[in-house]
Amino acid sequence: MNWAGSAFVWTYGNVPLTGLPPWITRLFVQLCSGLEPSEQSPTQQWLDQARQRFELAAWHWCTGENPEAEAQYHATTTYDHGIQILVANIEEPYDAHGDSTNPRFKMPGRYLNALHWDGPLALTTTPRFASDMTGWRDAGAVFMPQSFPTATEGGDDIPTVIRHAEAWGWPRAQIRPLAQTYAGAAGARPDATQQNAQAAELGVGVTPYTVEQSIGSPALDQLRQAIERPTQPTTSGGGGTVATDWWTVPYPGMPMAKVDGFPRPLYPPDSAKQGKRPSVDGPDVLALKRFCQRVGRWPDQAYDDTYSNQFSHGKSGNVKETGIAGFQRQQHIDATGYWGEKSFNTARSVKIPEGLPDAGEQAFDAECVDLTNQAWALFKGAEPVPPPSKTIREQALAKAVSQLGYAESPAGSNLTKFGAWYGMDGNPWCAMFVTWAYLQAGPSKSFVKGARWAYCPYVVADARAGRNGLTTTDDPIPGDLVVYDWQRDTIYDHIGIVEKVTGKNTFDAIEGNTSTSNNSNGGQVMRRSRTTSDAGIVFVRVREP
């Protein structure tokens, strides 16, 4: 994109879409102010009409409230309007006035890093803006400092803003001043003929501000040469300075590189929030990082084989750090950063474009193919499904089994590590043992330390009432609780954990404070074989966390 024929719009309703000169071919329209739509944001009807005559660019005011949130909102709004060009306007809220210790100094970079924008990009500022814009420059953005030189505006002419921009590291090839064409507070306009001569002498194009306020004046015609002068931004890469237009259009195609198969889908760690299973490391990730480096989407560096969030979604707004999502956007694939067969086949079919090292070569080269084939041998189209994680009931049962043979000491004292842990040492401890097993297994809404869970009748009462994650069940499974009423007098005496159901009316349980001679106060952790006729029995199911 060369930015020629562009013009800014302030009040869209005053723009006669059929009355502008034919050499104005692109309109910058204001969509956002901070984190909300701008008061000047055009209606959808106007945008639809404007698209029939002009290319549109989105122009966003930055208020500095939250650079990261602003960037994400601006990018999303631009995409939602179907616009491919983004212009950010940063003024006083982002201006550190040259003070590198001021938090504002880094705010332009913070905004850019959160933007993740791959299309044409421009930055407009006040005439002598003085915060760090290095990232914007390196990303190939076009810099449009305001040149509003009338006495009432108190600004600077084109040579002055060019000198200031160059002093802040901008190459002239990336500078395109925002030239005042509106009438200032006193009704005066700059001398457009002089502006045109200044731009010609310096070899820069300009963008008029604002087009609707220039209608009826000679300003546009007098500036035409400068407005139509192309700006070709450059960015360093591969040892030289190259044109960046390659990233504004899809990659050129070529016959698909042949591989043994599609190894597997790939998902980054943050995909777990969307119900995906993050991918394990593998050689196919190495292949993709090499591929993305070759197509200008990932730095040339030593790669690891991890499908990280940064590689998936991009780690900055710099084109060469946009990773998988950047490649997907350029190819008009849904830019989730997730890797599927559509993205895989597209990658095998693209050619390195002009403007990048090794232009004209197959981007998915022999090394990418070899790494992909290694991954195919490992995964065969899908990662092995890991065994399901154990339920908290299964984990609690395993903890209880691990204590078989434990005995209180001294015998008959009810002194145990379970009572000491619970805070009620010296008391009957079968329920404390069960609580310990469950809380060792993991967090539970049912079991907490405290007097309530040292008393078996409370377990039954809560289960019957459906409280605290407990319910009764007639179909016990391993890990369920079993509560005993030996006297059948509705006073529940003892509790254990079901280990397995051995028959229609029989089961094994792991119980604390039991023995073959004393069911409820025997002092040991034992496996007991029980029948449902032994006592009044209630089976209790513990809800998963």
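A crossing is left-handed if the near helix is turned anticlockwise from the far one by less than a right angle, and right-handed if clockwise. Helices are DSSP runs (H or I, at least four residues), numbered from the N terminus. This is a predicted model: local features need pLDDT of at least 70, side-chain atom pairs count only at pLDDT 80 or more, and totals for chains, interfaces and linings use all residues. Residues are numbered from 1 along each chain as its sequence is written, and side-chain values use heavy atoms, without hydrogens and water.

Axes are lines fitted to C-alpha atoms over the stretch in contact, and angles run from 0 to 180 degrees between N-to-C directions.

| Helix pair | Angle | Axis separation |
|---|---|---|
| H2 (residues 67-80) and H3 (residues 107-115) | about 40° | 8 Å |
| H8 (residues 283-294) and H12 (residues 366-379) | about 155° | 7 Å |

H8 is therefore roughly antiparallel to H12 (over 145 degrees). Their crossing is left-handed. Contact means heavy atoms within 4.5 Å. On the H8 side, Leu286, Ala287 and Phe291 are among the residues that meet H12, whose partners include Leu371, Ala375 and Phe379. By class, this contact of H8 with H12 has nine nonpolar, two polar and three charged residues. Ala, Val, Leu, Ile, Met, Phe, Trp, Tyr, Cys and Pro count as nonpolar, Asp, Glu, Lys and Arg as charged, and the others, Gly among them, as polar.

The crossing of H2 and H3 is right-handed. Its contact includes Glu70, Ala71 and His74 of H2, with Arg110, Tyr111 and Ala114 among those of H3. The residues there divide into seven nonpolar, two polar and three charged.

How values were computed: Helix = DSSP H or I, 4+ residues; strand = E, 2+ residues; numbered from the N terminus. Parallel < 35°, antiparallel > 145°, perpendicular 65-115°, else oblique.
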